[in-house]
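Here's a quick tour for anyone meeting this structure for the first time. Have a look at it, then read on.

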Amino acid sequence: MRAGDQAAYAVLVARYRARLGRYAVHMLGDHDDAEEALQDAFVRAYRSISRCKDDARFGAWLFGILVNRCRTAGRRAARRQRIFVRDDASLARAAAAEEPEAHDWDGTVRRALDRIAPALREAFLLKHVEELEYEEMAQLTGAKVSALKMRVLRAREQLRALLSEVERV
Amino acid sequence: MFEHDDDALNRMIDRLREPVEMDPRLDARVMARVAAPGFGARAAGVWEWLRRPRAVALSPLAGLGLAAAAALLIWALLPRVPGTAAPVAADITPVQFVVVAPGAESVSLVGDFNDWDARLTPMRAERDGRLWTVTLPLPPGRHRYAFLVNGARWLADPSAPRAPDDFGTPSSVVTVGG
């Protein structure tokens, strides 16, 4: 491994950190989990960079790795939450910690995203936040365009209902 | 049609598109991991990858196939003059969808056949707005669908079999031909 390789890769990391980080944070809802998933994605991409056949598509290829890392991290987080649920003291503390931001818009957005299924959240973020075309989303996620359109529609419908619930309060 | 419901959703999307602060030390952590002893041996040369020349090889047959695909795509994208629509295949069956939704302001039919796009197949109100209908030509096969009432309420067809669903919102199945 030459020193030049790492310097070149550091440039790529700096270039893609912000955009990929935003997706990971919104997908996982936890900054630490997001940074771990992003770090993991960068390391895995470096390890297998020879598999990226089209350098013009490096960003999309890297994004695909991150989408997978976020799925894995999300499943891990879900298991962790199930363990916490049995711990009443932690639950009480978490509820108390959430109180002050109950009417805060960022908190509302976060809770709404948290309440929809991960597959719907993933499709919604890729379409409306990352502004990808459905064909690109299909390549990243392995899902069919038709299924992705259905997920985006359902995500929008559920989020709209969740947001209007909050507005009525 | 759904603009008033979309205000909060659009505000949410705007918020989500704002940059998110990431720890700048993340870069250093990534580079420390890729520089770890033993790691480099597995990695292909990034620099080589970045500088690698790219050539696209195309056999005459593949070129011909590509040209045919491009011609087909152009033909598919050409705007159709009214009255000269592409001929409907003989096995296309018109299917009428009917749902009772009294008081609804709008009802759309969404399904596999229109990519679940609520804008594409609006239904028409009949009998003082109680009954909503639309007729759609469908190819043979199994199609999943649902009704979207007022752009927000998801409704399965009570007169059709339910489709298995992972997302907690019901949909129905219609089988055409076969």
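Let's start with a sheet in chain B of this predicted model. Three strands make up an open sheet, running in the order E1-E4-E3 (chain B), and their pairing is antiparallel. At the edges sit strand E1 (93-100) and strand E3 (124-126) of chain B, each pairing on one side only. Going from one strand to the next, the twist averages 35 degrees.

How many bridges join E1(B) to strand E4 of chain B? There are 8, with E4 covering residues 131-138. Within this pair, Phe97(B) faces Val134(B) of E4(B).

Now for where the chains meet. On one side, 47 residues of chain A are in contact with 40 residues of chain B. Five helices of chain A, namely H1 (3-28), H2 (31-47), H5 (105-115), H6 (118-129) and H8 (145-168), each supply at least two residues of the side that touches chain B. Here's how that side of chain A splits by class:

| Class | Side of chain A that touches chain B |
|---|---|
| Nonpolar | 25 residues |
| Polar | 9 residues |

Finally, the largest nonpolar core has 64 residues, and Ala24(A), Ala37(A), Ala41(A) and Leu66(A) touch the most other members. This core lies between domain 1 (1-86) and domain 2 (102-169) of chain A, because both give residues to it. Take Ala37(A): leaving aside residues up to four places away in sequence, Ala37(A) touches Ala24(A), Leu28(A), Leu66(A), Arg69(A), Cys70(A) and Ala73(A).

Notes: Residues are numbered from 1 along each chain as its sequence is written. Chains are lettered from A and ligands numbered from 1 in the order in which they are written. This is a predicted model: local features need pLDDT of at least 70, side-chain atom pairs count only at pLDDT 80 or more; totals for chains, interfaces and linings use all residues. A nonpolar core is a set of buried Ala, Val, Leu, Ile, Met, Phe, Trp, Tyr and Cys residues joined through C-beta atoms within 7 Å. A residue is buried if 20 or more other C-beta atoms lie within 10 Å of its own, exposed if 12 or fewer, and partly exposed in between; C-beta atoms are placed from the backbone. Domain bounds come from an automatic or database domain assignment. Two residues are in contact if their C-beta atoms, placed from the backbone, lie within 7 Å. Helices (H or I, at least four residues) and strands (E, at least two) are DSSP runs, numbered from the N terminus. Ala, Val, Leu, Ile, Met, Phe, Trp, Tyr, Cys and Pro count as nonpolar, Asp, Glu, Lys and Arg as charged, and the others, Gly among them, as polar. Two strands pair if DSSP finds at least two bridges between them. Axes are lines fitted to C-alpha atoms, for helices over the stretch in contact, and angles run from 0 to 180 degrees between N-to-C directions.
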